[in-house]
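Below is a set of questions and answers on how structural terms are applied. Each answer sets a value against the definition behind the term.

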Amino acid sequence: MARHRNVRNRSYSDDYDYDDLYGHSVEDESCLSPSDTEQWMYDRSRNQQAISAFLDSQNDIQEEAEDEVYDASHPGLERRDSVGLRSLNLSEDEEARLMSCLDELRNVLGDSVPDNVLIQSVINHKFDFNKALDEILNNKQSKDCDRPKEEPVKPLPTVHIEAAKDLVSTTSKAPIVISTNLEPKAKGVVKGFKVSSSDGSSSSSQTPRDQSPIAERGSTPKPDDDTRIVKVKESKVDPKKQYTDERGSEKDHLYIVVIGHVDAGKSTLMGRILCDLGEVSQRTLHKYEQESKKIGKQSFMYAWVLDETGEERVRGITMDVGRAQFETKTKKVIILDAPGHADFIPNMITGAGQADVALLVVDATTGEFESGFELGGQTREHALLVRSLGVNQLAVAVNKLDTTNWSQERFNEITKKLKAFLKQAGFKDSDVTFVPCSGLTGENLIKPPSESELLKWYNGPCLLDVIDNFNVPERPVSKPLRMSINDVFKGTGSGFCVAGRIENGILNKGDKVLVCPTKEMAEVRGLSINDMSSNVAFAGDQVSVTLSGVDIQNVSVGYILSDPVQQVPVTTRFEARLVVFNVKVPITKGFPVLIHHQSLVESANIVKLKALLNKSTGELVKKKPRCLGNNSVAVVDIEVCRPICVERYKDVKELGRVMLRVSGVTIAAGLVTDIYNT
Ligand SMILES: Nc1nc2c(ncn2[C@@H]2O[C@H](COP(=O)(O)OP(=O)(O)OP(=O)(O)O)[C@@H](O)[C@H]2O)c(=O)[nH]1
């Protein structure tokens, strides 16, 4: 079963100390730290001249549309295949150096320059990569400067991104020319992003709407003194049609996060379902049985299907989000098994952020339900978190009912308490289904119950049928691309990989994407969904993307891959509507918090208390309140220490939600209502 790596990539300073692993994965098996990995793994981009550093010291360069033919300044030479390396009479050593230089040049230039030009340049400069790159870029630049219509431009903090004019896009009605600040990589700092609160589908000041006098779709921007142009080819394909063509005949994909108090039996339940459905071989199960027996943890043998690391197995708790999949009659279900322990809530938030629906597991054993629900356990916090993160369909597995001899009274007692609470948390009664079951015995999981005590009073659906009955949310494939990154790791080939969920739009192999908030262009070299290679991925998919053209050091967990034309807003200050759950001291102006936004965790302050609202009606109760207590609803301004990518909730729901945590406790959830120009 695939395992998310995200737990190892984030800064959890509020909960416990992590090594400096932010933004990078370590494979479980290799036990290498990122710095070791960096030391020993070949990285094509290392020692390579940063393109932005180069651009900083050079005049501007106009990149070409992808379909444009490169007018080589070395006439007579064709692409590499036709050159024939043998005709160059190189020694073995020279040939190897040439190939290495070509690889590095390709990393910087992509396919925009024919191989023959690259080869010629490398040979002219005696295999000196930097000199060859300088020459090629200068030639390209002077060629571009000779072009009619487009004005030569000066050194650049600003980039205009322009869609190829001759193509008709069906993906967006917004104008296509936008401008953004580009920070030289060499400086390694992110600053100067501009965001305004426009009313369009994207609220960034980098969005077309904000870019007057820059033109409407298809027109040429009038670059100012600090501008260069990057052309981005827009897709001709109707995204909805592409989605139907690709996925029409497949079962719907449904992502389900499994939540609940520690030891409620989440992993055992999911492990048992996977075994009963034949997703785990008898041989593997037998191995788990033997090995778990050896360390005195036989009762965890089903949990081992999802708890894969040695530490999880020895400690008997889930720490990372485990992933697995199975099929129901109508759906392909991807499970995200979240940890229940309070220390790992940030991982649980990451899992919940990727889910369409949730399965809340509660332990029916006498005293255990109470400690998970009433005595500060995670049942309440998890349910509140998933609801705040946008999940509105919930199945509740009243688990371990075997320990109560399938008592109907116990089942009724638990459902009554939970129903009242879940309603308060914002779940509709009709969207919540309760299922009595036992993960350990397999009762009422994938087929109707056989236990006589249970049959006496229960004739509802088994857990698998409840999962099959969930509605799959609509996938916003026609909106501009947004993919939130929850992992960054070295792949096996060139470039590196990022993993995450596509919130909006479509991602095709070969697409140019903007890595935000650093706003660097990258190219999608490869895509895989659930470990299967694919040419296209859609909103709702969890994907691994191989990127090139950007340095791995400049990409982190919590970043967003954005449509280069309709960009995700980047800001350090935004307005949010908060629901305060649980604060020990009232929130006042300047209150420090940690913001959790998708997989990003960032320090922030509540800098302004703007209004206190009525919890039920949303009406204004008080302007500029002096403090906010538990259960209050308020409009506040939040300032983040570093620029982050957010959307207004009404534009992109998934990127318009934030969770606020202090000292390991979730104190509030918020919806982004406005984004400021900072
Ligand atoms: N009697 C009984 N025991 C169960 C059942 N399900 C799980 N258990 C036991 O409960 C313990 C915890 O099970 P896990 O599956 O690890 O619980 P979990 O919720 O995944 O734990 P975390 O992920 O660490 O929060 C194990 O000893 C299981 O054998 C059940 O249906 N009946």
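Q: Which residue in S9 is the bridge partner of Val 398?
A: In this predicted model, Val 398 has Pro 436 in S9 as its bridge partner.

Q: What makes S8 and S9 a strand pair, and in which sense do they run, parallel or antiparallel?
A: Pairing requires at least two bridges between the strands. Strand S8 (residues 394-399) and strand S9 (residues 432-436) have five bridges, in the parallel sense.

Q: Why is the crossover from S8 to S9 called right-handed?
A: The chain leaves S8, passes through helix H14 (residues 408-425) and reaches S9. With the strands pointing away from the viewer, a clockwise path from the first strand over the helix to the second is called right-handed. This β-α-β crossover is right-handed.

Q: What is the strand order of the open sheet of six strands?
A: The order is S5-S6-S4-S7-S8-S9, and the pairing is mixed.

Q: Why do S5 and S9 stand at the edges?
A: Strand S5 (322-327) and S9 each have a single partner strand, so one side of each has no neighbour in the sheet.

Q: How many bridges join S4 to S6?
A: Strand S4 (residues 252-259) and strand S6 (residues 331-337) run parallel and are joined by seven bridges. Within this pair, Tyr 255 stands opposite Ile 334 in S6.

Q: At what angle do H13 and H14 pack, and how far apart are their axes?
A: Helix H13 (residues 378-388) and H14 pack at about 35 degrees, with axes 10 Å apart. Their crossing is right-handed. Arg 380, Ala 383, Leu 384 and Arg 387 in H13 meet Phe 421, Leu 422 and Ala 425 in H14.

Q: How do you know that Glu 619 is exposed?
A: Glu 619 has 8 within 10 Å, so the term exposed applies. Glu 619 lies in the loop between S21 and S22. Leaving aside neighbours within four places in sequence, Glu 619 is in contact with Leu 613 and Asn 614.

Q: What makes S21 and S22 a pair?
A: Three bridges join S21 to strand S22 (residues 620-623), and the two run antiparallel. The cut-off is at least two bridges, so the strands pair. Leu 613 has Leu 620 in S22 as its bridge partner. Six residues lie between the strands of this hairpin, where Gly 618 takes a positive phi near 80 degrees.

Q: Which residues have the most contacts inside the largest nonpolar core?
A: They are Ile 256, Ala 352, Ala 358, Val 398 and Leu 507, in a core of 144 residues. Not counting residues up to four places away in sequence, Ala 358 touches Ile 256, Val 257, Ile 259, Val 386, Val 391 and Leu 394. A second, separate core has 11 residues, including Cys 101 and Phe 129.

Notes
Residues are numbered from 1 along each chain as its sequence is written. This is a predicted model: local features need pLDDT of at least 70, side-chain atom pairs count only at pLDDT 80 or more; totals for chains, interfaces and linings use all residues. A nonpolar core is a set of buried Ala, Val, Leu, Ile, Met, Phe, Trp, Tyr and Cys residues joined through C-beta atoms within 7 Å. A residue is buried if 20 or more other C-beta atoms lie within 10 Å of its own, exposed if 12 or fewer, and partly exposed in between; C-beta atoms are placed from the backbone. Two residues are in contact if their C-beta atoms, placed from the backbone, lie within 7 Å. Helices (H or I, at least four residues) and strands (E, at least two) are DSSP runs, numbered from the N terminus. Axes are lines fitted to C-alpha atoms, for helices over the stretch in contact, and angles run from 0 to 180 degrees between N-to-C directions. A crossing is left-handed if the near helix is turned anticlockwise from the far one by less than a right angle, and right-handed if clockwise.
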